[in-house]
Amino acid sequence: QVQLVDSGGGLVHPGGSLRLSCAASGFTFSIYALSWYRQAPGKERELVAHISPTARSVVYADSVKGRFTISRDNAKNAVYLQMNNLKPEDTAVYYCKAIGPESRYYWGQGTQVTVSS
């Protein structure tokens with residue numbers, strides 16, 4: 001049974017930090033690329049960060065470059081998103097996504113991040 005469990009969200013003041021985690025099970029994690037997406041109220045889901053299976057390639061949305069860092073631990077079947085200097089416009093539900101062979105993909109259930117003073 002495939003599972004992606006997102007966690008680590010919460011309420012933080014502007015300028016604060018959070019670390020999101022996504023724990024995976026039920027598939028061969030090490031051959032899947034991983035992404036973090038977010039969806040704010042009334043907006044479409046957007047790509048935040050992406051990391052290749054070996055972590056040699058990472059991509060960030062322009063809006064988070066220099067503030068967010070994606071990483072993965074293939075031994076623990078986990079992907080992380082370190083978010084620093086958070087801004088109110090980062091408020092959204094954050095989802096991890098695993099993308100594998102033959103366009104197979106899986107989504108986490110999401111974790112709410114709220115940045116507010």
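Ser 35 is buried, with a relative accessible area of 2%; buried means under 20% relative accessible area, computed with a 1.4 Å probe on protein chains only. This is a predicted model, in which local features need pLDDT of at least 70, side-chain atom pairs count only at pLDDT 80 or more, and totals for chains, interfaces and linings use all residues. Residues are numbered from 1 along each chain as its sequence is written, and side-chain values use heavy atoms, with hydrogens and water left out.

Ser 35 sits in strand E4; strands are DSSP runs of at least two residues, numbered from the N terminus. Of the 7 residues in E4, 6 are buried. The side chain of Ser 35 makes a polar contact of 2.7 Å with the side chain of His 50. A polar contact is a pair of N or O atoms within 3.5 Å; within protein, one must be able to donate a hydrogen and the other to accept it, and residues adjacent in sequence count only if both atoms are side-chain atoms.

E4 runs antiparallel to E9, joined by 7 bridges, and pairs with E5 in the antiparallel sense over 5 bridges. Two strands pair if DSSP finds at least two bridges between them. Leu 34 has Ala 98 as its bridge partner in E9 and Ile 51 as its bridge partner in E5. E4 and E5 form a hairpin with 6 residues between them.

The largest nonpolar core has 30 residues. Such a core is a set of buried Ala, Val, Leu, Ile, Met, Phe, Trp, Tyr and Cys residues joined through side-chain atoms within 4.5 Å. Strands E4, E5 and E9 are among the elements that give two or more residues to this core.

Technical notes. Buried means under 20% relative accessible area, exposed over 50%, partly exposed in between (1.4 Å probe, protein chains only). Helices (H or I, at least four residues) and strands (E, at least two) are DSSP runs, numbered from the N terminus.
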